[in-house]
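Me: Got a model open here. Can you walk me through it?

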Amino acid sequence: MVVDRRIAQGLERGRPIEIELDGEKVGCFEGETIAAALIASGRRTLRHSQKHDAPRGIFCGMGICFECLMTVDGVPNVRSCVTYVKPGMKVETQHEAAWKEGR
Amino acid sequence: MSTDRPEVVVVGAGVIGCCIAYYLAKAGIAVTVLERGSICAEASSANAGLVSVSTREGLLLSMVQESVRLLLEAQEETGSDFELTRAGNLVLLRTEEEVAKQTDLVEKQRAAGLDVQLLDPRETLRTEPAVNPDVLGSVCSSLDYTINPHALTIGLARGAGRAGAKLRIGVEAIALRVGGGKVTGVLTTDGEVGADVVIVAAGAWSPALLRSIDLDLPVEPSRGQILVTESLPPLTTRTIRDTGHIYVRRTDRGNYVIGSLTERVGFNKQLTPDKLRDYVKEAVGLIPALAEVRIVRAWAGLRPLSPDNNPFLGPVPGWEGLLLATGHSRTGVGFSAVTSRMIADTVLEGKASFPLERFSISRLQASK
């Protein structure tokens, strides 16, 4: 079940669009950040930490803590809380523990 | 050394001082390390942790191979993860002259039985797809290791401490105490420390201490600047380098470390934008995708540069009880374990497994 956590009334939204999260379509609105769009769709985990492979989500929400890093259109470590959604944008959850090996 | 169970003072808690203390303490020697700042503060931290094997020959090759063996052993014994990894090296060749020169060198190394290969551009890109496609070739080796220099130094310091070594942090050695041609101790900012043996492992600051006994050690500080990027999914596996001094090394966590020239600017650890720009430009020239990556930190340190880039190891003629373990230039981390073992064996058994004469302070006078 997907619960929409957006405020229902009293504000004007952008055009409805879709982004892709790990290959799955997520509906959202232009003018929203990636993190806002994902949390509104009920998703709290944005990446998994390198050391313990533990889930990480929005922490500061204003671009300074670097906890909400995601891979966006192939670019790793994009701060999802300060990056606006765009139609067709491909967003991926980072599994950073896998970066450790890579040899 | 003359005393049966000597009291030893090591000056400097860099990788060399900590490793010597580790070996001596393990052998039951009473050892005190004096460190004016903090563990792994200077040259030991201002490097990318490259343990270059394939670039060496002769005695230095045998020594670095032994160093790798000893590092693996110490990693096992201390239970600290030094992140010692056989990453390999890929040296990119960008001019016909570089190709010609390296072709000869590789032939020589292969004749000596080393696993080193000359690759053409196609093979280079197949081996490391992220490197600059404009290369004329590369030298590929599987022999080279990387290590985390902080994890190494701190792991050795902990190991030394557990074995009974005393680490006195924030205590600076000011002068050597001598009597009758023998070193008897060290004057420090926290009083006198008596010793049968004093080992000077104070990197670029060693000459200042040795001036107290009018010994002129030709070691000068050389600045190296280091940059590190954010952690990334793997672009490369090997250490990628040019034929000069610039290298790009992937850490175990996926950060890329970029270093480092030899800048002779005295005791100056400032970061300078002109040099950092050169580093970054060269690094992007090696791995173009780095152009899009964030740099998270940069720092500088002073390496103890000797005239022939080889360390000063072992006794000093005319001074009983004094041992040098300094001047490692750009090779301190790679050669840490073997040179420390040589110094420890000199204290313990009066001899070392590699010829100390080659690293004596007298070698430079002899060659004049």
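Me: How many residue pairs are in polar contact between chain B and chain A?
Reply: Six, both residues at pLDDT 80 or more. A polar contact is a pair of N or O atoms within 3.5 Å; within protein, one must be able to donate a hydrogen and the other to accept it, and residues adjacent in sequence count only if both atoms are side-chain atoms. The model is predicted: local features need pLDDT of at least 70, side-chain atom pairs 80 or more, while totals for chains, interfaces and linings use all residues. Residues are numbered from 1 along each chain as written, chains are lettered from A in written order, and side-chain values use heavy atoms, without hydrogens and water.

Me: How much area do chain B and chain A bury?
Reply: About 1,100 Å², 44% of it on carbon and sulfur atoms. That is accessible area (1.4 Å probe) lost on being put together, summed over both parts.

Me: Which residues in chain B lose the most area to chain A?
Reply: Pro233(B), Arg250(B) and Arg294(B), together 37% of what that side buries.

Me: How many residues are in contact there?
Reply: 15 of chain B with ten of chain A (heavy atoms within 4.5 Å).

Methods: Buried area is the accessible area (1.4 Å probe) that two parts lose on being put together, summed over both.
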